[in-house]
Amino acid sequence: MKNIKHLHSPTCGCKNEKGEPLFVTAPSKETQDALDYCEKHLEKELKNLIKLVKIPSVSLAGFDENDVKLSAEATAELLREAGLENVELLELGKGIHPYVYGEWLHKPGAPTLLLYAHHDVQPPGREEKWKSNPFIPVEKDGRLYGRGTADDKAGIIAHTAAISSYLKTAGELPVNVKVLIEGEEEIGSNNLAAFVRKHKDKLRADGIIVTDCANVDSGIPSITTALRGLVAVDIEVEALDHPVHSGLWGGILPDPVFALTKILSTLCDEYGNIAIKGINDKVKALTEEERENFAHLKMENIARGATGLLNGLPFTAQEKDFAEKLWRQPSLSINAIQSGSRKLVSNIIQDAAWARVSIRIVPNMKPQEILDILTKHIQSVCPQGFRLKIKPESSSNWWAIADPKEDVYQIAARSLEKGYGHTTQFIGCGASIPFVQPLSDEFGSIPAILVGVEDPYTNAHSENESLLLTDFKKSLFGQIHMLQDLAKFKKI
């Protein structure tokens with residue numbers, strides 16, 4: 001795969017605004033000692049990850065919130081073991097899942113980095129589709145299977161392992177760090193704004209490193225430069241106050257399932273393009289440079305292998321448009337549909353039908369505007385007489401960096417290259433991380449470096465989620481290099 005942007009190397013001769021070489025060619029003695037320590041203790045770090053994965057910290061309503069609390073406590077213990085100070089659980093109130101915080105602030109004059117990951121996970125999904133217990137990690141063919149192995153408990157270990165490797169050898173870090181591990185990212189970070197306001201001084205930093213993203217392919221380090229936002233609604237259509245026998249009443253009663261499917265059929269055309277008037281009006285157009293770079297990306301084989309698309313079933317876009325469709329165009333998904341029970345199905349006419357619909361939004365779309373447009377469209381196409389309920393479920397904005405050529409991102413790219421032994425890619429991401437933009441904006445648009453340990457075959461949010469163990473090791477090494485290399489900036 002070709003690079004999207006020019007990436008500096010030891011021989012390219014590129015310099016920053018001060019005339020200094022951008023590429024840091026060799027690790028310091030302290031960094032080399034940290035790398036050696038990390039390699040020697042990889043098995044321990046893997047055991048730390050397995051310990052976290054065994055805790056079913058599903059943050060979705062209806063699951064045991066005590067498990068999320070246990071996960072926070074286990075994460076706090078890892079932060080303490082790594083050598084962080086003032087470790088604590090930060091809670092906003094009853095029923096709100098806890099954040100975990102720790103810090104090391106003993107490097108005067110060095111920048112302060114806020115290191116982010118999350119300890120909550122998605123529900124396991126369909127038990128019959130898992131090849132192993134989702135909360136009993138199993139290693140097979142070089143991958144560790146289990147819910148949260150990659151998304152995002154490995155991201156926690158990337159931070160703690162790098163910190164521990166320095167503190168257990170040199171006794172200090174190259175930079176100051178504040179570590180924040182969230183407990184409600186998978187449910188939209190709904191309390192994030194209040195959390196940031198309450199703890200603004202505690203979280204203040206010069207830059208952010210987020211380990212909650214994916215690499216473009218296995219073994220290829222990637223920095224995410226843009227995230228799509230997310231707007232989601234629950235739709236419920238009601239016709240009766242209880243289900244009735246289809247043999248007795250079928251033929252004279254309106255069916256809410258048919259009504260719901262009629263609504264859903266109006267949302268997209270046959271190619272998956274959003275068909276709601278006004279949705280695409282404010283989408284930011286690609287520059288010619290972006291269009292050219294995106295067109296060169298070869299993604300079809302990766303996409304087919306990672307998703308398991310059926311043979312003979314074509315994609316809804318041409319390969320030359322994949323990157324634009326995934327990263328810079330809105331997309332609509334029907335995340336779930338329910339009416340009755342598949343396991344307990346009987347010959348009835350349902351009383352109601354429900355679906356969740358979400359739209360991934362991009363620059364320059366506004367979440368509230370899109371929510372309003374979606375809501376009005378659903379209301380306008382609902383068959384007359386049915387009782388319609390529309391409930392906004394989540395809303396988060398898109399995010400994008402101004403220019404990946406900035407020194408801080410190029411330095412981070414070089415750090416990853418040293419950890420992975422492969423050129424870093426600058427990519428977009430079709431997913432959302434609600435945490436990124438609010439915190440970056442709160443502190444004056446500080447840079448946010450988005451990296452991760454997932455690859456296209458991770459199956460995050462689906463059954464049989466897994467972590468490629470060779471990339472796990474490389475991500476730890478990349479993080480160790482990054483802490484050294486970013487220390488050269490007095491203020492990032």
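## A loop with a buried serine

Ser189 sits in the loop between strand β6 (176-182) and helix α5; here and below, helices are DSSP runs of H or I with at least four residues and strands are runs of E with at least two, numbered from the N terminus. The model you are looking at is predicted, so local features are taken up from pLDDT of at least 70 and side-chain atom pairs at pLDDT 80 or more, while totals for chains, interfaces and linings use all residues. Residue numbers start from 1 along each chain as its sequence is written, and side-chain values rest on heavy atoms, without hydrogens and water.

Ser189 has a positive phi, near 50°, and is not a glycine. With a relative accessibility of 5%, Ser189 counts as buried (under 20% relative accessible area is buried, over 50% exposed and in between partly exposed, for a 1.4 Å probe and protein chains only).

Which other residue has a positive phi, near 60°? That is Asn459, again a residue other than glycine. Asn459 lies in the loop between β17 (448-451) and β18 (466-468), and its 31% relative accessibility makes it partly exposed.

The bond between Asp151 and Asp152 is cis, with omega about 5°, and Asp152 belongs to the loop between β5 (143-145) and α4. Pro363 and Asn364 are also joined by a cis bond, with omega near 5°; Asn364 is in the loop between β13 (352-361) and α12 (367-381).

## Helix α15 and its partner α4

Two packed helices are described by the angle between their axes and the distance between the axes. For α4 (residues 153-167) and α15 (residues 469-485), the axes come within 9 Å and cross at roughly 55° (axes are lines fitted to C-alpha atoms, for helices over the stretch in contact, with angles from 0 to 180 degrees between N-to-C directions). The two helices are therefore oblique to each other (under 35 degrees is roughly parallel, over 145 roughly antiparallel, 65 to 115 roughly perpendicular and the rest oblique). Their crossing is right-handed, that is, the near helix is turned clockwise from the far one by less than a right angle.

On the α4 side, the contact is made by Ala154, Ile157, Ala158, His159, Ala161, Ala162, Ser165 and Tyr166 (contact means heavy atoms within 4.5 Å). Helix α15 brings Phe472, Leu476, Gln479, Ile480, Leu483 and Gln484. Sorted by type, the residues of this contact are ten nonpolar, four polar and no charged (Ala, Val, Leu, Ile, Met, Phe, Trp, Tyr, Cys and Pro count as nonpolar, Asp, Glu, Lys and Arg as charged, and the others, Gly among them, as polar).

## Helix α15 meets α2

Helix α15 also packs against α2 (residues 42-53), at an angle of about 110° and with the axes 12 Å apart. This pair is therefore roughly perpendicular. Leu42, Glu45, Leu46 and Leu49 of α2 meet Leu469, Phe472, Lys473 and Leu476 of α15. Here the division is six nonpolar, no polar and two charged.

His481 is another residue of α15, and at 5% relative accessibility it counts as buried. Leaving aside residues up to four places away in sequence, His481 touches Pro27, Thr31, Leu35, Ser415, Lys418 and Gly419.

## Aromatic pairs

How many aromatic pairs does the structure hold? There are three (rings of Phe, Tyr and Trp, with its six-membered ring, pair if their centres lie within 6.5 Å; planes under 30 degrees apart are stacked, over 60 edge-to-face and the rest tilted). One of them joins Tyr99 and Phe195: the ring centres are 3.6 Å apart and the planes are at 10°, so the pair is stacked. Tyr99 is in strand β2 (residues 99-104) and Phe195 in helix α5 (residues 192-198), so this pair ties together parts 96 residues apart in sequence. Both Tyr99 and Phe195 are buried.

Phe315 and Phe322 form an edge-to-face pair, with 5.0 Å from centre to centre and 65° between the planes. Phe315 is partly exposed at 25% relative accessibility, whereas Phe322, with a relative accessible area of 6%, is buried.

Thr375 is placed in helix α12 and counts as buried at 18% relative accessibility. Thr375 and Ile235 are 140 residues apart in sequence, and their C-alpha atoms are 9.4 Å apart in space.
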